Amino acid sequence: MTLYSRRQFNSIAAAACAAELTRSLWAREISADPAGRKFYIALIADTHIIDNFYVKGSENGIEDNESILHTTERAIIARDLINSLNPGIDKVFLLGDYFHNYPSTDYDFYFKNNTRLDNAKSITDVFKMPVHLLFGNHDYDVHKVPREMSHRLFKAKFNAEPYSVVDHKSVRFVMLNNFLGSTQDNSAADFNPSIGSLGEEHLQWFEAQLEARKPTYVFVHYPLAAIKPTEVKDYGMDSLVRKYQDTIQVVVTGHVHKWYDFAHKYGPQHYIMAATRYDPNALMLLEIDSHTGSYRWLNQDLVEWTTHFAKPYHQA
């Protein structure tokens, strides 16, 4: 039996109430679609799931040390809300920091013990729709754990690749990995984990996806401001998103744990989304028109910009 403090119980009860109101809001917000053109996706980010090997008090400051202890319950609340929506969500995209750091540098450790990787999977396995995973910086440990080991674990545990593309109803979703370039290589001269980079091969792959000129949604963990703009001569993330800004519908990232709207500073619309680590209401619910590729962000007016939070959902 799980025992909750009064504060935790009140928090869970409030979230459950908010979820019920969200379902009502969803039912009113979705538009009539007699032609079957519309479909729905959900974005979540920075779930930061932990396990029994996690050492309490390891974070930076009171807020981070408190929030990390509630990541599981908040991810479950977000998941259960998404599952409850009708019409249903077609796909969920989780924008990195699926789990929080590595308790061991030994690959076999993760198959001899139940770890945060298993805990994270047990949460996302209950989604009714496919969940597509991106890598975040906490899904690596570029100082101590070889990137190849992280890739092996993601494949073995989650059947997930370092990066991928999904085409759904004439719309393309590109899931990038900003940890494959030299700034994330601890043997490189420009090693700097706070700066993302894709590497030439990944950049070429990205451009190949964009060259199809399908309406494209781009998801990556680091905000564009934190990704090296140019990596090979004049070739890099910045030039690609600007070159294909008419194809890219939106770029959505995580990592910062707060909501930011960069509008068209980088060419296409760019949002940073908040983290379920701090608030189970940190969701993006998008209605997409499969004919035009355009989207409507259904819960945008509930966001508290530059904070961790979204407002409680209220009935109209």
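Because the model is predicted, local features need pLDDT of at least 70 and side-chain atom pairs count only at pLDDT 80 or more, while totals for chains, interfaces and linings use all residues. Residues are numbered from 1 along each chain as its sequence is written, and side-chain values use heavy atoms, with hydrogens and water left out.

The chain has eight helices and 11 strands, where helices (H or I, at least four residues) and strands (E, at least two) are DSSP runs numbered from the N terminus. Of its 316 residues, 53% count as buried; buried here means under 20% relative accessible area, exposed means over 50%, and partly exposed lies in between, with a 1.4 Å probe and protein chains only. The accessible surface of the chain comes to about 14,000 Å², and 50% of this belongs to carbon and sulfur atoms, the areas coming from the Shrake-Rupley method with a 1.4 Å probe and, for residues, with only the protein chains shown counting as cover. Among the contacts in the chain with a separation of 6 or more, 72% are accounted for by residues 24 or more positions apart, a contact being heavy atoms within 4.5 Å.

The strands can be followed sheet by sheet. Strands of a sheet pair through backbone hydrogen bonds, either parallel or antiparallel, and here two strands are taken to pair if DSSP finds at least two bridges between them.

Ala42 stands opposite Val92 in β2, and the bridge partner of Leu43 in β2 is Phe93. With strand β10 (residues 284–289), β1 pairs in the antiparallel sense over six bridges, Phe39 having Ile288 of β10 as its bridge partner. Strand β1 is mostly covered, six of its seven residues being buried. In a regular strand the side chains alternate between the two faces of the sheet. Both faces of β2 are covered, with Lys91 and Phe93 buried on one side and Val92 and Leu94 buried on the other. Strand β2 also pairs with β3 in the parallel sense, over three bridges, and there the bridge partner of Val92 is Val131.

A further open sheet has six strands, in the order β4-β5-β6-β7-β9-β8, again with mixed pairing. At its edges stand β4 (164–168) and β8 (260–261), each with a single partner strand, so one side of each is left without a neighbour in the sheet. Strand β7 (residues 248–257) pairs with strand β9 (residues 270–274) in the parallel sense over four bridges, and Val252 has Tyr271 in β9 as its bridge partner. Helix α7 (residues 200–210) lies across β4, β5 (171–175), β6 (216–219) and β7, and runs at about 170° to β5.

Helix α3 is mostly covered, with 10 of its 14 residues buried, including Arg74, Ile77, Ala78 and Leu81.

Lys157 lies in helix α6 (residues 147–158) and counts as buried because its relative accessibility is 13%. Its side chain makes a polar contact with the side chain of Asp118 (3.0 Å), a polar contact being a pair of N or O atoms within 3.5 Å; within protein, one must be able to donate a hydrogen and the other to accept it, and residues adjacent in sequence count only if both atoms are side-chain atoms. Leaving aside neighbours within four places in sequence, Lys157 is in contact with Tyr110, Phe111, Leu117, Asp118 and Lys121.

Notes. Axes fitted to C-alpha atoms, helices over the stretch in contact; angles between N-to-C directions.
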